[in-house]
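Please look at the structure shown here with its sequence beside it, and then read the briefing that follows, which is arranged by topic.

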Amino acid sequence: MVYEATDKTFDQLIQAEYAAVDFYGTHCGPCKMLEPIYNEMSNDLALVRFVKVNVDHCPELKERFHIYAVPTLKYFRDGELFYEGKRHGPREVMDSEIAKLLYD
Amino acid sequence: MKSTITKLYDYKQAVIPAELRLWRIKDEEIAEKLETLSRNRAYEMEPETVQTGDSVACRSESAAARWDRETLLLFPGRGLCDSALENACLGARVGECRTVSTDEGEVTLTVKRILRRAAMPVGDQLVKAEGIDGVNTVAEYYDWYREQNEPERRRSAAMGIAGNLLYEIRMQSELSIDQEEKDAFVWDCANSYCQSLVKAGIDPTVPSEGTDFLTEEQAKQKMYVEHEPFFTMYVADAYFVQKETGADVDAICKEELNKLAADNGLEAESLLTEDGWAILCGQVLHNKALELMANYTEQFLED
């Protein structure tokens, strides 16, 4: 399950041991390509909280996390930013990114 | 317009490739969509023992700091970390301890929680859960999905054939080109493209090949050559639009630009006086030509 966060609910949603956040845009093609992969990961990796933020509707979060391009992925541990996603793409790439959150 | 087509290619005799005629949605696509819905509506259960595919939270103890944690998440079979660790908890129950050797030393895992996500089976219950008005069975979902998406697919296929035919028209028709008109159009395209590059921080004088920088004049000349084909497209589209509608293309262009300007809170006149008017007019006419040609090409689509 992927939780849709807003400016108001974001901080509460990332209060998990491990959380991934996908900052996306309404009309962003690469974001649409990433969506099914992200959904699939959220189903496969229960116990990791998967969150997404539509930056078109969340100006405060966009500014707070300096989102200049979408999609941007960020990974949190215990509510704190732990790892800035470097890459996004096919499942193998996404798995290697989330492994950094879980095991580095 | 002074430039025009003097002999129109007989596009009605063109052979339409079979693959361009297809537009109907196949059952496989809808089945895949249902599979996605079933995964999105997965439900969680806490099984007695760990199996491949489960999510497992463990307390892990080790001399290696990396593996000494209050909570370590493991996903057996996913290959996210050392497979020895992932597989160590297979078959374990909550509270059970397992010790495993890794490259970084021994790690003792105590299973704290096991979570399994099971996809909701594809069936009428899944379809009902989607809450679509009047759609309560898988068969109804298939019909509904087609009703929602096929009109757009059909039009898109007609546009695809239209694009092919318009290409053939501009490649195979005979044209009479007014050089002054062409220069005005192509230079406007080249200059506005050059300005866009500069605004984006790209230096147009940097050569794509070799090491010698271009002069500004050479860079613009290069862009002129690159944009020349757009003029042929513009002339062919204008000819086709005029032939099909009987209307003056300048008037059509202005009407479409008025709509575009209104949508963006601008004045049409300002669009036409700024650099880039040629690209705008070319695009407006091409869209109109595509739309008109697509009305004709609908007859070629599969039944």
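In chain B, the axes of helix H4 and helix H9 (residues 277–297) come within 8 Å and cross at roughly 110 degrees; axes here are lines fitted to C-alpha atoms, for helices over the stretch in contact, and angles run from 0 to 180 degrees between N-to-C directions. That makes H4(B) roughly perpendicular to H9(B), since angles under 35 degrees count as roughly parallel, over 145 as roughly antiparallel, 65 to 115 as roughly perpendicular and the rest as oblique. This is a predicted model, in which local features need pLDDT of at least 70 and side-chain atom pairs count only at pLDDT 80 or more, while totals for chains, interfaces and linings use all residues. Residues are numbered from 1 along each chain as its sequence is written, chains are lettered from A and ligands numbered from 1 in the order in which they are written, and side-chain values use heavy atoms, with hydrogens and water left out.

**Helix packing in chain B**

- H4(B) passes H9(B) in a right-handed crossing; a crossing is left-handed if the near helix is turned anticlockwise from the far one by less than a right angle, and right-handed if clockwise.
- Among the residues of H4(B) that meet H9(B) are Arg155(B), Met159(B) and Leu165(B), and the residues in H9(B) include His286(B), Leu290(B) and Tyr296(B), where contact means heavy atoms within 4.5 Å.
- By class, the contact of H4(B) with H9(B) has 12 nonpolar, 4 polar and 3 charged residues; Ala, Val, Leu, Ile, Met, Phe, Trp, Tyr, Cys and Pro count as nonpolar, Asp, Glu, Lys and Arg as charged, and the others, Gly among them, as polar.
- H4(B), which spans residues 138–172, also packs with helix H6 (residues 216–245) of chain B at an angle of about 110 degrees, their axes being 9 Å apart; helices (H or I, at least four residues) and strands (E, at least two) are DSSP runs, numbered from the N terminus.
- H4(B) and H6(B) are therefore roughly perpendicular to each other, and H4(B) passes H6(B) in a right-handed crossing.
- In this second contact, Leu166(B), Ile169(B) and Arg170(B) of H4(B) meet residues of H6(B) that include Met233(B) and Phe240(B), and the residues divide into 5 nonpolar, 1 polar and 2 charged.

**Helix packing in chain A**

- Helix H2 (residues 29–44) and helix H4 (residues 91–103) of chain A pack at an angle of about 50 degrees, with their axes 10 Å apart, and that makes H2(A) oblique to H4(A).
- The crossing of H2(A) and H4(A) is right-handed, and its contact residues divide into 6 nonpolar, no polar and 4 charged.

**Where the chains meet**

- The contact takes 18 residues from chain A and 22 residues from chain B.
- The area buried between chain A and chain B is about 1,800 Å², of which carbon and sulfur atoms give 54%; buried area is the accessible area (1.4 Å probe) that two parts lose on being put together, summed over both.
- Asn43(A), Leu47(A) and Tyr103(A) supply 44% of the area that chain A buries against chain B, more than any other three residues.

**Salt bridges**

- Across the interface of chain A and chain B the rule finds 1 salt bridge, and Asp44(A) forms a salt bridge with Arg78(B), with the closest N and O atoms 3.5 Å apart.
- Within chain B, the side chains of Asp27(B) and Arg146(B) meet in a salt bridge at 2.7 Å, N to O, a pair that links distant parts of the chain, 119 residues apart, in helix H1 (residues 27–40) and helix H4.

Conventions:
A salt bridge is a side-chain nitrogen of Lys or Arg within 4 Å of a carboxyl oxygen of Asp or Glu.
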